[in-house]
Each structure stands twice: as C-alpha cells, then as structure tokens.
Amino acid sequence: MSSERMALIGTILLAVVATAALLIWVERRMLGLWQDRWGPNRVGFLGLGQVVADMIKIFMKDDWIPPFADRPVFVIAPAIVMVTVLLAFAVVPIAPGVSVAGDWNVGVLFVLGMTSLAVYSVMLGGWASNNKYALLGAMRSTAQSISYEVFMGLALLGVVIQAGSFSLEDIVLAQQDGWFIGPQFLGFVLFLIAGLAETHRLPLDLPEAEHELTAGFHTEYSGMKFGMFFVGEYVAVILVSGLLTTLYFGGWLGPTWGLTLAGWSFMPLVWFVLKTGAFILFFILLRAAIPRPRYDQLMRFGWLVLLPLALLNTAVTGAFVLLRSGA
Amino acid sequence: MSAGDARSATAPLVTIEIDGRRYRVDPRRNLLEVALELGFDLPYFCWHPALGSVGACRQCAVTQFKDENDTQGRVVMACMTPCADKTRIAIAHPDALEMRASVIEMLMTNHPHDCPVCEEGGACHLQDMTVMTGHAYRRYRFHKRTHVNQDLGPFVSHEMNRCIACYRCVRFYREYAGGDDLNVFGAHHYVYFGRASDGVLESPFSGNLVEVCPTGVFTDKTYGESYTRKWDLQQAPSICHHCAVGCNIMPGERYGRLKRIENRYHGALNGYFLCDRGRYGYQHVNAQGRVRHAALRRDRGAARQPVDADTAIATLAGWLAEGRVLGIGSPRASLEANYALRALVGADRFHRGIDAETARLDDLVLETLARGPAQIATIADIEQADAVLVLGEDVLATGARIALAIRQAVRQSAYAMADAAHVPRWQDHSARLLAQEVKSPLFVCTPAATGLDGIATRTYRGAPQDLVRLAQEIVHLLDYTQPRAPGLDGDTIHLAHTIAEALKGAQRPLIVSGTGCGSAALLQVVANLCTALGRSGRKPWLALLPSECNSLGTALLGGPGLDAALARIEVGEIDTLIVLENDLFRRVPAPRLQALLMRLSHLVVIDALATPTAEAADLLLPAGAFAETDGTLVNYEGRAQRYFQVYVPEGDIRESWRWLQQVARARGQDLGDALDALIAGCAGSDPRLARIVDAAPSARFRIHGSRIPRQPHRYSGRTAMHAQRDIHEPRPPQDPDTPLAFSMEGARTGAPPAEIPIFWYPRWNSVQSVHKFQQEIGGPLRGGDPGVRLIEPGPGGHYHDRPGYRAPAELETVWLYELFGSEELSVRGDAIASRVAAPYLVLHPATAARLGLTAGATVQVEAAGQRWQAVLRVSPTFAANVAGVPRGLPGVPTFATGTVLSVREVRP
Amino acid sequence: MSRHLKEHGTPAVPPPPVSPGGLRLIVEGFFTQLLSLWRVFLHLFARRATIEYPEQKPYLPPRYRGRIVLTRDPDGQERCVACNLCAVACPVGCIALQKAETPDGRWYPEWFRINFSRCIYCGMCEEACPTYAIQLTPDYEMAEYDRRNMVYEKEHLLIAGQGKYPGYSFYRVAGLAIAGKPKGAAQHEEPPVDPRSLLP
C-alpha cells in the first residue's frame with residue numbers, strides 16, 4: 001500500500017472520529033437551541049472547549065469492570081462497535097475515487113454486513129454485564145437491529161436496481177441525471193427510519209431507554225469503554241448520514257464552479273461534507289422533536305408497515321426499470 | 001388504682017354505657033378514671049390518680065343520661081361521678097363538647113402567650129387538652145390578669161401567669177406530702193399559688209410540683225438552666241442511685257449533657273413521685289472536673305498523665321500478672337461491676353467496699369428479710385399499712401420516698417371512715433373533711449426529731465441502745481415468752497404498751513427500720529419484733545433500709561468487708577489494689593487509710609467521680625456515671641432492677657465492668673464483651689442471684705426484629721448536632737448490651753415495662769400519658785411492674801438473743817442523716833449542694849449545759865484523732881447524753897459508729 | 001393471573017387496537033411528525049429563555065426561600081428565643097441549638113447551627129417560628145468547595161436587621177418578664193394583682 005493511500009486512510013478515519021467527538025458538542029448545542037436554550041457555551045470559544053473538557057472527563061473516569069461481569073467479553077464488546085462502524089466507512093466514496101477501500105463492486109452489501117456485525121457489540125456488552133437492565137437492552141437491540149436490517153436492505157434495493165450496481169461509486173455516478181431522492185422517495189424514508197433504528201438514535205433508542213432500562217445495554221459501562229459506545233453511536237450517525245447522501249442525494253455531486261486547489265477540485269468533498277452535515281443536523285432535530293415510541297409499537301410498525309412498503313418499493317422500482325429497458 | 005384504694009377487696013363489676021357502647025367496670029372508680037382506662041381521650045386538669053378528684057377545673061364534662069329513654073341528658077363532671085350500674089354517658093355529646101370547649105377557653109383567657117419560652121412547652125398537659133378540645137383561636141379581647149413570680153429556691157421555677165387554678169400543687173404539697181410553706185392566696189381569679197414570701201420550698205418532695213402542675217407554673221429549674229424540649233431528649237429507663245429505695249427514673253440527655261430526671265412510674269415502688277434528692281441529684285454527672293481519659297502515674301510522686309485506653313488496660317493487666325492483687329467492690333456500683341471485679345481478681349481476693357460493721361448490718365438486713373415471717377413491704381404496701389412503727393431510721397433523710405408513703409399510710413383510718421359513710425375514696429376532699437385529724441397509728445422512735453413527727457401518734461427519742469430496749473419491751477408484750485427490757489421508766493413502758501396494742505390491733509402492721517443507726521442489735525430486735533408479731537398471729541410487713549443503692553446486691557454477692565482487706569495491706573501482702581467506684585475515705589478514717597495506701601505499689605481506681613481515693617490513684621480509669629452505664633441494682637426490698645445507658649459519654653469513659661472485661665481479655669481471661677455475659681455469670685454464681693436475668697430482657701430482645709429507640713420520633717437536629725465536628729454524620733453508637741438503640745428508629749410500641757424509654761402517646765405529650773402504659777390507673781405497668789424480687793421471706797424462725805444493754809457513754813456518736821448532704825453522689829451537684837447544711841453537732845440542752853456550750857456556737861469536735869469544726873445545735877427533742885453527728889456531710893470526717901467525741905468551743 | 005381476575009370480576013385489559021385507520025393513519029402520522037420537526041426547527045430563531053447567570057441575575061421575590069438568617073427585633077435584640085420549634089419542624093434535622101437565658105429572663109440560643117449541606121430550603125423552620133426570628137432570604141449564592149464551610153453557626157446567621165417582618169417584638173406580646181418590661185407590661189396585660197387583697 002502506498003504511503004499516500006495510508007495518509008488518505010488515516011486522514012479519513014481521523015476526520016470521522018474527530019467529527020464524532022465534535023458531535024458531542026454539536027448535538028448538545030443544537031438541542032439547546034431547539035429548546036430555547038443556549039447549550040454549552042461557557043468553555044472556550046462558543047463552548048467548543050466542552051469537547052475537550054468532556055474528553056478529559058471521560059478519559060479520567062474510573063474504568064470500572066463490575067466483579068460480576070464476564071470480563072473478556074465485557075472488554076471486547078465496546079471495541080466491536082467502533083471497529084465495525086469504522087470498517088463500514090471504508091467503502092463510502094467521499095469524492096470521485098476517494099474512499100478508504102476504493103470502489104468495491106459489493107460496497108452496499110459490505111456496509112450492510114458491517115452494520116449487522118455491530119449488533120454483536122451491543123448484544124455481547126449487554127450479556128457480559130450480567131445485569132438485567134443491560135440484558136433487556138441487549139435483547140431489544142438485537143431484535144430491533146435484525147428486524148430493521150431487513151427493511152434497510154430492501155429499501156436499498158430500489159437504488160441498486162436503478163443504478164444497476166452494488167458499487168457505491170457507481171450509484172453516485174448514476175445520479176448525475178437526477179438524484180434518487182425523487183424516484184426513491186419511499187425508499188429514502190424507509191432507509192432513514194431503518195438507519196435510526198440501526199444506530200439506536202432517538203426516537204428509536206429503545207435499547208437504552210433510560211426511563212425503563214436505566215441505560216440499557218451500557219448500564220454497567222463507565223470510563224472509556226462507555227466512551228467507545230458513545231462515540232461509536234456518533235460515528236454510526238455520520239455513517240448513516242454519509243450513506244443517505246451517497247445513496248439518495250447524489251453523494252459528492254454538485255456544481256464545481258471550476259474551483260480547484262493544487263490541480264485538484266475539492267468541491268466534491270465540500271458537497272459531500274455539507275450534505276452529510278445536513279443529515280447529521282437532521283438526526284439531531286429528530287431527537288429534539290419526535291417522542292420515543294413504545295417497544296411493541298416499534299416492532300409492529302417495522303413488520304406490519306415498513307416491510308410491506310419496502311417490498312412494494314422494490315417491486316414497483318423493478319417493474320419500472322424492466323418497463324424502461326423494454327424487456 | 002387511685003388514691004388509697006384498698007387492693008384486697010374486689011367488687012363485682014357493673015355495666016355502664018359510654019357513647020353507645022357497653023363496658024364492664026369497677027363500681028369503686030369514677031367515670032373519668034374508667035373512661036381514660038378504656039382509651040377515651042377525655043380532657044381533665046384537677047384530677048390526679050394519686051390525689052383523687054375535687055371537681056375544681058370543670059374540664060372533664062360528659063353528658064349523663066337518666067335512663068334508656070333520656071335523650072336530653074345533663075352535663076356532669078366525670079371525675080365526680082361514680083360508676084353506678086347502668087350509668088349512661090356520652091363523651092362526644094354536643095353539650096359536653098361545648099362545655100369542655102368553653103371551659104378551656106375561659107381557663108386560657110389569662111394565659112400569657114409564652115409557650116415558646118416555657119419549659120413545659122411540648123410536654124404540657126394544658127397544651128394537650130387545649131388541642132384536644134379544639135380551642136385554637138383566642139376570642140377574648142380584654143386584658144389579662146397578671147401575677148408577680150417568686151423565687152422558690154434552687155429546684156423549682158415559678159411563673160404564676162400560666163396558672164389555671166386546678167389546685168393540684170397545694171393538694172400535693174400540703175395534703176399529700178405534708179408541706180406547709182406552699183399555699184393558695186387571694187380570691188376569685190386572683191388566686192395565687194406560692195409561698196407567703198420568696199424563699200426555698202422546704203418540702204423534700206417539692207420537685208414533684210413540676211410533674212403535678214399540668215402547665216408551666218412550676219418547672220424544673222436545673223432543667224431550665226440548659227433546657228431542651230422533651231422531644232429532643234435521648235432517654236433510657238434508669239434507677240435512682242441516691243438511696244436504697246430504687247425509685248425508677250427517666251434521665252434525659254442531649255449534647256452529651258444529662259439534662260434532667262423525670263419520674264418513671266412504677267406501680268409498686270415510686271408510683272408518681274420522687275424525692276428531691278432523686279430528682280436533682282443527677283448533676284454530678286455533668287461535673288466539669290470529671291476525668292474523661294485514663295490517667296497513669298508512672299513514677300511515685302509524679303503527676304498522673306493521660307494515657308490511651310489500651311495502654312491503661314495493658315498496664316493493669318501487667319500489674320495483675322504480678323499477683324498480690326486485691327479488689328474492693330462498692331455498694332454504689334452495679335452487681336455486674338462487682339461481679340466482674342470478683343471474677344477478675346478471684347473470690348478470695350475480692351472484698352466488699354464497706355467496713356465490717358456495715359457489712360454485718362447489710363447481712364443482717366438480708367437475713368431478716370429472708371427469714372420471715374414478715375412480708376417485705378413495697379412502697380405501695382407501705383401506703384396500705386394501718387399501723388406503722390418507725391424504729392431508729394430517719395426515713396425522710398435516708399429513704400424519703402418511703403416517708404411519703406408512710407404519710408399516706410396514716411390515712412387508713414380515714415379511708416375506713418369514708419367507706420363506712422359510703423364516701424368513695426377518690427372523693428378526696430370529702431374523705432379528708434370527714435376524717436378531719438383522725439390518723440391511723442404511727443410511732444416514730446428515733447434518736448432525733450424527724451419530718452414524720454407531725455403525723456405521728458407518739459414519738460420516742462433515745463440513743464440506739466434505748467431504742468433497742470423499747471423494742472425489746474414491745475417484743476415482750478407481744479410474746480410473753482420473751483424477756484423484758486431492763487431498766488425502762490414508766491412512760492416508756494406505757495409507750496411500749498401503746499405500740500404493742502396498735503400493732504396487735506392492725507390488719508397490716510408495718511415495721512420500718514434500717515442500718516442508719518449502725519446498730520446490729522436494733523436490726524436483731526426488729527427481727528424479733530417480726531417473729532413475735534408472726535407468732536401472735538399477725539402478718540407483719542417489714543421495710544428495712546440499707547444505706548446505699550446496691551447494699552443488698554453486694555450483700556448477696558458476699559465477701560469479707562473492708563477491714564479484712566486493710567489488714568492484708570497492713571501486713572504487706574498486697575501490691576496492687578483495685579478500687580471499684582468507691583471512695584475509701586468515706587469508709588475508713590483518713591489517717592489510717594493514708595498510711596495504708598502508702599504501702600501499696602499500685603492503687604487502681606475505677607470511678608466516675610473525682611473522689612479523694614481517685615486523687616490518690618496511680619491508675620485512674622474513668623467509669624460511666626449511672627446514666628452512662630447499664631447494670632443491675634438490688635433495692636431495699638430485694639428487687640433486682642436493671643438500669644440502662646442513656647447516652648455515650650465523650651472521651652474514654654466506659655462502664656466500669658467493661659474496663660474489667662477488657663482487662664480480663666488482655667490477661668486471656670474471658671468475662672465476655674457485653675453486659676449479658678456478666679449478668680449470666682453473676683446469676684450463675686449464686687442461686688439467690690439467679691433471677692437477676694429476668695430483671696429486664698436481654699440484649700437480644702427485639703420487637704418485630706427492631707430495637708427500642710432511645711430517641712423520640714420527633715428528635716431534631718440529627719444532621720446538625722455533630723456537624724461542627726464531623727460534616728459526615730457519624731454512625732450512631734451501637735449498643736451491644738441492651739435492646740435499646742441510640743436512634744430514632746425502632747419499635748415504639750409494645751416495649752416491655754422495664755424498657756420503656758419515654759412516656760408519650762399520640763395527643764398525650766406530657767407525663768400524664770403514663771395512664772396509657774398502665775394496666776389500670778395507679779396500678780402496675782402493662783406487663784407487670786419492672787424488676788424481680790430476689791428474696792422470698794421464709795416462715796420465720798427463732799428469736800435472736802436479747803442484746804445486752806449498755807447505757808450510751810457521754811458524747812457517744814449517734815448518726816444523723818440529711819436528705820441533702822449525707823449521700824455521696826448528689827452533693828456533687830450545684831442544686832443539691834446549695835441546700836447542704838454546714839457541719840453541725842446536735843446535743844440535748846441538758847448535755848450542752850453540762851458541757852457549758854451554747855446553741856449556735858462554733859465548736860471543735862474531735863473523734864479518733866480527727867478534728868473538725870461544727871455549729872452546735874441544741875435540741876430538746878434529741879436523745880440526752882449522746883452527740884448527734886450528720887453522717888457523710890461534707891466537712892465531717894469518717895470514723896466508727898459509737899466513737900466518743902470530745903467537744904470544745906472555738907472562740908474567735 | 002386471569003383466574004385471579006375472573007374471581008374478582010375485574011375485566012381483563014383489552015388488547016390495544018391494531019392500526020384502526022390503516023393507511024390514513026400512517027400518512028397523517030407521517031405529516032404530523034414532519035410538522036413537529038418543522039415547528040421544533042423554527043425554535044432555532046426563537047428567543048432564548050436562558051438567563052446567563054453570573055453576568056445576568058434574575059429578580060427574586062422577597063419571599064424566595066434562600067439563605068436562612070436570624071433577625072433582630074425593633075430594639076436590636078435577638079429575636080430567637082431558642083424554643084426549638086424550627087429544629088423540630090426541620091424535615092432533614094439540619095438545625096440544632098441550645099437554649100440559654102440572660103440574667104433578666106430572656107431566652108436566647110447559646111449556639112445555633114444550621115448545616116446548609118443538608119438544608120432543603122423548604123421554609124418549614126420559618127413557618128414554625130413563633131417570633132419571626134428565623135427567615136429565608138433571596139440569597140442563593142452559597143456554594144462552597146468544602147462541605148464544612150456549609151455549617152453556619154449563630155455568628156454567621158444573625159443579621160443586624162428585622163428582615164421581612166419589621167416592627168414585631170415577641171416579648172412585647174408574651175407574658176414573660178424581662179428587663180424593662182415587668183409583669184403586666186406586655187400587650188393586653190393588667191398590672192400585677194395583689195393576691196392578699198380580697199377586693200373584687
């Protein structure tokens with residue numbers, strides 16, 4: 001592997017993790033603003049020092065492993081979430097030809113596979129904690145993730161059918177004539193909901209619903225292990241936002257105005273970041289605005305509403321594509 | 001059982017109806033008593049279970065109906081209405097409610113609006129009754145009548161404006177306790193309860209005014225000096241340590257200071273009243289100079305240095321290991337402490353902390369009580385006696401509560417008259433009017449005048465030898481097989497006849513005596529009197545007063561007296577002497593004792609007081625005072641009673657028996673590490689002591705798994721009272737010795753009678769709540785009166801030989817006693833100390849004249865080489881020829897009974 | 001469980017209805033959620049409710065329950081008479097004091113301690129106080145780095161003024177005699193009577 005490639009990989013991973021850390025502040029600030037407050041505005045410029053303060057705090061915290069926990073599993077679980085979510089990033093194209101792993105022809109499937117693996121983290125964490133709240137949270141998470149993964153995949157199929165490829169770069173390029181948000185609006189909505197469920201973001205954070213389960217699967221976690229769950233969630237938010245951008249909003253596409261730097265047009269990167277950022281903010285807005293459903297409502301909605309809709313979307317898209325191709 | 005009810009007879013029950021429900025009740029009671037006993041909250045003021053009814057306050061109004069068909073009814077006073085059969089009353093009737101509400105509103109018109117600055121507030125019967133009747137807002141717009149207060153001495157504060165004119169104070173003070181310096185003055189709403197002018201209340205029972213008064217007119221002055229509300233006091237049941245009667249008391253503590261003593265009702269003993277020595281004698285516990293840390297003198301002649309407890313224990317253990325040890329117990333220490341010392345040093349090295357003479361007297365008391373045929377009289381029994389002979393003991397000074405009971409005993413003939421006239425005994429005023437001055441026989445035969453002389457049928461003054469002669473003559477008159485006394489004059493023989501006739505004619509004759517005279521012959525002749533009465537077919541009652549609170553306990557525990565110990569020190573057999581809660585300078589003449597202490601290598605003193613003995617100690621271990629320890633005492637009637645720790649004192653102060661247990665542990669000897677181990681060991685050491693285990697439940701006792709809290713449920717300031725020392729609230733002290741807890745948490749109801757830490761009941765915050773804890777009003781507590789009697793009187797036995805008569809020598813000592821002064825502990829408090837007389841000497845006028853001494857002169861007295869100055873009192877009611885010396889009074893040295901004095905006047 | 005319910009005749013809880021409105025409900029639900037999102041989004045431009053505390057300070061009414069003080073009566077004497085009612089009213093038991101008495105008979109607290117690290121500022125002590133001595137004030141800036149500094153003794157509590165209730169003096173109303181106010185000199189009191197007089 002060339003050193004340039006290594007630098008690229010390093011830059012992207014670092015950027016992702018740094019963004020995730022920044023999100024600690026962004027989220028609290030945005031929630032504050034949407035609730036007529038200021039949010040953290042005391043530490044440093046605009047309160048940005050809060051990120052540092054929080055990180056120092058979380059690093060300094062006693063990293064306690066409960067004596068009743070299953071020690072090795074307990075330690076491994078938070079690492080899994082970080083690894084899987086970061087691995088999923090490998091195939092997300094940030095700009096033409098720029099991604100960690102390059103353009104894979106099974107990119108979409110790889111992402112789905114990685115997000116499925118992330119379930120293990122939650123499940124093992126909950127199990128190893130040897131705590132009833134943690135176990136209940138893990139069970140919910142497992143059921144929720146497995147259920148919503150189905151619609152996630154099915155919702156994606158519309159895009160894949162239209163683009164005719166599993167490669168994320170191909171999918172972006174297929175949107176040069178028009179973003180898929182138009183034809184695939186239903187698919188977009190389904191994918192968004194499924195994405196929420198996959199990342200355990202509010203309003204679908206039932207696995208860690210504090211009013212029922214204390215803190216769900218990570219009840220027993222503290223210090224940096226908790227921090228990994230915490231940051232992993234933000235990385236997942238970035239991932240899902242990036243995927244939404246890539247799959248439905250034309251990825252890096254956008255007017256380039258001929259702006260180049262050192263012979264390289266950086267506008268695609270700007271467009272990707274802007275779009276992804278907008279989705280991240282949208283995720284935070286969802287948290288601020290939408291109340292949490294009951295767990296049974298969540299599962300019922302998934303299987304009785306989303307699944308038929310996803311199947312319908314796939315069938316209709318397939319029919320259209322077949323009709324257009326004149327087969 | 002209210003005032004003077006004869007307990008023998010039982011009347012058939014009658015049916016009455018209260019608020020539509022029927023009850024079977026005793027017809028000899030009044031409606032108020034019955035209603036309270038049945039659990040009704042009926043307000044009252046002037047009625048008191050011991051003082052009877054006078055119908056003065058009009059508060060206990062109820063509606064009484066003529067018959068089944070009467071719907072109107074009429075308002076009557078429950079306390080003045082007998083429980084006739086088919087009586088129908090309504091407590092909740094609107095007429096009665098209105099009457100009660102308006103009565104209290106009238107009573108409150110002049111009340112001075114000062115509850116926040118009143119010591120009664122929060123434990124006030126007037127507050128309780130005002131709340132009970134619902135009088136919440138003052139409507140009276142006119143001016144209040146006011147009074148000027150009086151200074152009534154060191155014991156009782158006076159705030160006349162709070163008075164509601166229930167007359168309880170004068171009824172108690174004058175009629176019940178025989179005082180005459182408190183009276184009621186003025187007329188209509190000006191009535192004034194106080195003395196003719198400012199001055200000390202003279203009655204030895206004046207402190208009871210504090211509890212008798214339903215409001216804050218009379219309050220406890222010593223309590224007021226560092227006042228704390230009742231709800232803030234940490235309390236535990238305790239036993240008075242100031243004489244052998246063993247009254248039950250309730251000491252209260254806050255902020256590490258003992259605040260007050262309150263009466264703890266005991267049906268057979270103190271009932272509702274205490275003497276002032278018992279109530280105010282607690283202040284020695286708060287003494288500034290108390291030793292709070294162990295102190296060790298490392299080199300002879302050096303000063304003692306404070307050492308930590310472990311060093312002290314190790315030091316003592318080391319000295320014990322060297323051998324040549326002697327332990328001296330004490331009659332003012334608990335059975336457990338004495339037993340622990342005996343177990344530590346071995347029975348052959350344990351001596352009772354009293355001289356051989358006193359030890360012999362205590363043994364005689366024990367023997368006389370155990371032999372029979374006399375029944376041992378409780379105070380309740382004494383009140384029922386219809387002929388009383390007091391022989392040689394000034395009970396008002398040595399066991400004052402018994403003197404108060406004798407005062408009630410002389411009313412027996414008055415009760416008989418009342419019964420004959422069908423006047424109920426609770427109709428106190430009527431019964432007194434009917435009887436006028438009629439009293440049942442009481443004979444007071446003592447060396448000096450006593451406070452009971454005023455109600456005595458006849459008095460006799462003589463030296464102890466003369467008293468023995470008189471008693472011997474009575475024995476002869478009761479049983480002609482016994483020899484006559486030699487050389488009595490005609491008057492005395494006539495008196496003997498009168499006494500013998502009175503005793504023979506009585507249903508319940510009572511003989512009261514004790515060790516006060518220091519005369520074994522007197523105790524023997526008392527035993528002979530009982531035997532003679534028994535043989536003549538009477539069933540006599542007997543009350544014998546030993547000198548100290550646990551005299552009988554130490555007698556039961558046994559061991560040689562102090563003299564044997566001193567002899568062993570004298571011959572140089574002993575290196576280490578352990579003195580347990582005892583001041584040897586009160587037992588042994590100082591010159592001899594000082595010489596002996598010099599022969600010791602180590603003097604170890606375990607005591608709460610800074611006594612001269614403690615001053616001389618090489619190792620001083622600070623022991624808890626009575627309110628800081630648990631233990632068992634045996635009172636004059638052989639009743640073992642447990643007292644409990646009220647609070648954990650500061651410093652290294654711990655129970656004397658705990659010091660001994662810890663020393664034993666350091667030596668590898670196991671005396672246990674809590675009280676129950678010692679109780680079990682002590683009980684197992686002698687079959688006569690076996691029942692002390694039953695005196696109170698053990699430390700394992702729980703009510704539904706909970707301990708009994710020492711603190712009331714309103715106890716305040718938990719998170720602030722220690723905050724200046726430790727912001728992290730320390731864990732409350734744990735109590736391994738008793739089922740009580742130093743806490744607000746635990747079981748508040750159903751405490752066994754020996755372990756009731758507070759008399760409180762919803763809506764009854766004052767001491768009047770005690771009726772909620774009694775089986776019947778004036779009767780035993782629910783679950784029986786506390787304590788177990790260790791001595792069962794036998795069927796009687798032989799006469800003691802008639803003691804030989806020896807006329808008292810000129811100026812031979814006769815012991816006199818002072819309520820305030822003769823007792824070691826109480827004089828160490830300010831309040832009692834201010835009432836202690838200066839040392840004095842009493843002579844008969846003829847004796848004084850013969851010696852050329854005048855009354856009021858300062859004389860120098862010499863006894864067995866010790867000199868002191870005293871004021872000469874000349875009394876025509878004192879026995880001739882002998883010299884009266886107040887025993888134990890500060891300034892009077894210790895010497896043997898019967899020592900001949902030499903007296904000369906000191907001219908300035 | 002069901003047997004138990006039947007025995008007591010309680011109807012079983014009916015199962016929740018399954019999407020009664022079907023598709024309409026879903027569409028409607030979708031748009032109401034969007035509406036919520038929009039409305040919450042608009043709050044981005046709303047006025048802030050935050051008061052930027054140390055720079056800006058809020059107005060607090062005089063009866064705000066903040067720091068506890070002990071006040072003085074119009075004569076400048078301590079109002080507290082050490083009656084212990086505040087201590088017993090305190091639900092957390094954070095007030096402790098000891099009564100003492102001046103030579104002329106006034107009661108006062110020898111020491112008075114409030115452990116503010118326990119205080120919940122409920123105001124029960126003020127309500128219980130019969131002399132208006134203990135009062136809660138609108139001062140709330142009491143934070144300390146060391147809990148021990150939260151223990152206030154009498155010298156920290158006693159203020160120079162009368163607080164919220166000017167003009168009231170307990171001893172002018174109550175019947176207790178003090179220096180300068182003998183028996184019969186309190187409000188609504190007649191001069192002391194002579195008990196030796198039999199006149200009406």
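**Close-up 1. Strand β29 of chain B is covered on both faces.** In this predicted model, B:R639, B:Q641 and B:Y643 sit on one side of β29(B), with B:A640 and B:R642 on the other, and all of them are buried. Buried here means under 20% relative accessible area.

**Close-up 2. β28(B) and β29(B) form a hairpin.** Strand β28 of chain B covers residues 631-634 and pairs with β29(B) in the antiparallel sense, over 4 bridges. Look for B:T632 and B:R642, which are bridge partners. There are 4 residues between the strands, and in this hairpin B:G638 takes a positive phi near 75 degrees.

**Close-up 3. β29(B) also pairs with β32(B).** This pairing is antiparallel too, over 2 bridges, and β32(B) is made up of residues 788-789. B:R639 has B:R789 as its bridge partner, while B:A640 stands opposite B:V788.

**Close-up 4. Put together, the three strands make an open sheet.** The order is β28-β29-β32 in chain B, with antiparallel pairing. β28 and β32 are the edge strands, each pairing on one side only.

**Close-up 5. Elsewhere in chain B, an annotated domain spans residues 233-289.** An unreviewed UniProt entry places the feature "domain: 4Fe-4S Mo/W bis-MGD-type" here. Over this stretch the chain is 9% helix and 32% strand, and the end C-alpha atoms lie 24 Å apart.

Methods. Residues numbered from 1 in each chain as written. Chains lettered and ligands numbered in written order. Predicted model: local features only at pLDDT ≥ 70, side-chain atom pairs only at ≥ 80, totals over all residues. Heavy atoms only, no water. UniProt positions renumbered as here; feature names shortened; annotations may be inferred. Buried < 20%, exposed > 50% of the residue type's maximum accessible area, 1.4 Å probe, protein only. Pairing = 2+ DSSP bridges.
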